[in-house]
Amino acid sequence: MATAKVFRSGNSQAVRLPKEFRLTSDGVEIFRRGDEIVLREKPRTLERPFDLLCELPDFERADALPQEREGL
């Protein structure tokens, strides 16, 4: 397992990544997963967000009837 150096940069913490973990993008997404901190390169396209939307369950209710409303 590789390790990295943690240091202060101004009022923030920074991590010096080893050469084999170099990033190709200008930014990363960061989030916690349990006791892990995960860095993920920001996607350059909208393909990933659309894939995530497609994986969401369908919330359409089969038993719901259309609302009856008065005309204008």
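Q: Among contacts in the protein between residues at least 6 apart in sequence, what share joins residues at least 24 apart?
A: The share is 0%, where contact means heavy atoms within 4.5 Å. This is a predicted model, in which local features need pLDDT of at least 70, side-chain atom pairs count only at pLDDT 80 or more, and totals for chains, interfaces and linings use all residues. Residues are numbered from 1 along each chain as its sequence is written, and side-chain values use heavy atoms, with hydrogens and water left out.

Q: Why is Ser25 called buried?
A: Buried means under 20% relative accessible area (exposed is over 50%, partly exposed in between; 1.4 Å probe, protein chains only). Ser25 has 16%, so it is buried. Of the 72 residues of the protein, 6% count as buried.

Q: What does the side chain of Ser25 reach?
A: The side chain of Ser25 reaches the backbone oxygen of Gly27 at 2.9 Å. Leaving aside neighbours within four places in sequence, Ser25 is also in contact with Glu41, Lys42 and Arg44.

Methods: A polar contact is a pair of N or O atoms within 3.5 Å; within protein, one must be able to donate a hydrogen and the other to accept it, and residues adjacent in sequence count only if both atoms are side-chain atoms.
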